[in-house]
Amino acid sequence: MVFDRTVKWGLVFLLLLIILKLGWLHRHDDWVQQWLTPQGAAKVNIQFDNGSVRDMASPYERVDKTLPKANTVKNESGQLKKCLIKGKVIYTDQVCPTDAKVAAVNGGTLVVLPSAKPAASSAAGAQGGQKRLRDALDISVSPEQKAQMMERVANP
């Protein structure tokens, strides 16, 4: 009786393995795919028009549409203008590069800060200080003195 039950469950297990093996071998066949995913009612793709068209436009197009036409501002030195270069805006009174679009400054306020002093003068002062220290300590060494120092280090 126990033997019959074990044989019975062994055969069920073997039959299940055969079914799984066949399913795995034919998993990409058309008839299996149609059986797994039956064709139902077609899905409708609904698109809402809530301004998403503006969001899909590139940022360059959006910037260009909001600005006045480029021919209203001359690309000359001394006149405040916007230079649009690869999506970046630079406010300047100098001539914009050739690949930039020129636009007028419209609205808002612009604060101009004084530029920082060049660092070249401080670097020159520091270098002069090093020369004065070298002269005061007299650490200039002649080739003979270098040879003597090397000899002392190599042969103590």
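1. Both Cys83 and Cys96 are buried. This is a predicted model. A disulfide joins Cys83 to Cys96, with an S to S distance of 1.6 Å. The structure holds 1 disulfide.

2. Where do the two cysteines lie? Cys83 sits in strand E1, and Cys96 sits in the loop between E2 and strand E3 (101-103), so the pair ties together parts that are 13 residues apart in sequence.

3. Strand E1 covers residues 81-85, and strand E2 covers residues 88-92. E1 and E2 pair in the antiparallel sense, over 5 bridges. Which residue of E2 stands opposite Lys82? Tyr91 does.

4. The turn deserves a look. E1 and E2 form a hairpin, with 2 residues between them. Lys86 is in that turn. Its phi is positive, at about 50°.

5. Now the overall layout. The protein has 6 helices and 3 strands. Along the sequence, the pattern reads α-α-α-α-β-β-β-α-α.

6. How much of the protein is buried? Of its 156 residues, 10% count as buried. Cys83 and Cys96 are both buried. The accessible surface of the protein comes to about 14,600 Å². Carbon and sulfur atoms account for 62% of that surface.

7. Contacts along the chain come next. Take the contacts between residues at least 6 apart in sequence. Of these, 20% join residues at least 24 apart.

8. Helix H6 spans residues 143-154, which is 12 residues. From its first C-alpha to its last, H6 reaches 16 Å. That is close to the 16 Å expected at 1.5 Å a residue. Is H6 well covered or hardly covered? H6 is hardly covered: the count of buried residues among its 12 residues is 0.

9. Gln33 is placed in helix H2, residues 30-36. Its relative accessibility is 34%. Buried means under 20% and exposed means over 50%, so Gln33 counts as partly exposed. Which residues does Gln33 touch, not counting residues up to four places away in sequence? Gln33 touches Arg27 and His28, with that exclusion applied.

Notes. Residues are numbered from 1 along each chain as its sequence is written. This is a predicted model: local features need pLDDT of at least 70, side-chain atom pairs count only at pLDDT 80 or more; totals for chains, interfaces and linings use all residues. Side-chain values use heavy atoms; hydrogens and water are left out. Two strands pair if DSSP finds at least two bridges between them. Helices (H or I, at least four residues) and strands (E, at least two) are DSSP runs, numbered from the N terminus. A disulfide is a pair of cysteine sulfur atoms within 2.5 Å. Buried means under 20% relative accessible area, exposed over 50%, partly exposed in between (1.4 Å probe, protein chains only). The expected span of a helix is 1.5 Å times one less than its number of residues. Contact means heavy atoms within 4.5 Å. Accessible areas come from the Shrake-Rupley method with a 1.4 Å probe; for residues, only the protein chains shown count as cover.
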